[in-house]
Amino acid sequence: MRWLTLILVLMLAGLQWRVWFGDASVGSVQAKEQRLAALEADLRRLEMRNETLAAEVESLREGVAAVEGQARLSLGFVYPDEHFFQVIEAVRPDTITPAQLDGTRVPRFIPDE
């Protein structure tokens, strides 16, 4: 009876060793589940990006307006009979503060006249 108990205890210890420290241990499974969750989140983000890009490609294939808009934004496209005006906001000289010795600027309040 002692031998049987000893054998059963050793078998139980061996099984517990595999559960806690083996290749498919509890910690290993949890780490793999976390990695899987991170990969699924990346997959969802990339799928949304692909859908956005596919919609953009489709709009560029279908309509001239989308191509024209892209050309206007990225290349500065202007029709021959159009005039392009670029408005640059003026900066009042009295609102500019000189840089300090350490390279930072000191913010100060200047009331509008």
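Begin with charged pairs: a search of the whole structure turns up two salt bridges, a salt bridge being a side-chain nitrogen of Lys or Arg within 4 Å of a carboxyl oxygen of Asp or Glu. Before you click, note that this is a predicted model, where local features need pLDDT of at least 70 and side-chain atom pairs count only at pLDDT 80 or more, while totals for chains, interfaces and linings use all residues. Residues are numbered from 1 along each chain as its sequence is written, and side-chain values use heavy atoms, with hydrogens and water left out.

Select Glu 68 and Arg 72. Their side chains meet in a salt bridge, 3.1 Å from N to O. Both sit in helix α3 (residues 64-75), four residues apart, about one turn of the helix. Helices here are DSSP runs (H or I, at least four residues), numbered from the N terminus.

Arg 72 lies in helix α3 and Glu 82 in the segment after α3, so the pair ties together parts that are 10 residues apart in sequence. Show all three residues at once: salt bridges with shared partners join Glu 68, Arg 72 and Glu 82 into one network. Arg 72 is partly exposed, at 31%, and Glu 82 is partly exposed, also at 31%.

Now look along α3 itself. Its 12 residues should span 16 Å, and the end C-alpha atoms are 16 Å apart, which agrees; the expected span is 1.5 Å times one less than the number of residues.

Last stop: rings. The count comes to one aromatic pair. Select Phe 77 and Tyr 79: their ring centres are 4.9 Å apart and their planes are at 75 degrees, so the pair is edge-to-face. Rings of Phe, Tyr and Trp (its six-membered ring) pair if their centres lie within 6.5 Å, with planes under 30 degrees apart counted as stacked, over 60 as edge-to-face and the rest as tilted.

Terms used
Helix = DSSP H or I, 4+ residues; strand = E, 2+ residues; numbered from the N terminus. Buried < 20%, exposed > 50% of the residue type's maximum accessible area, 1.4 Å probe, protein only.
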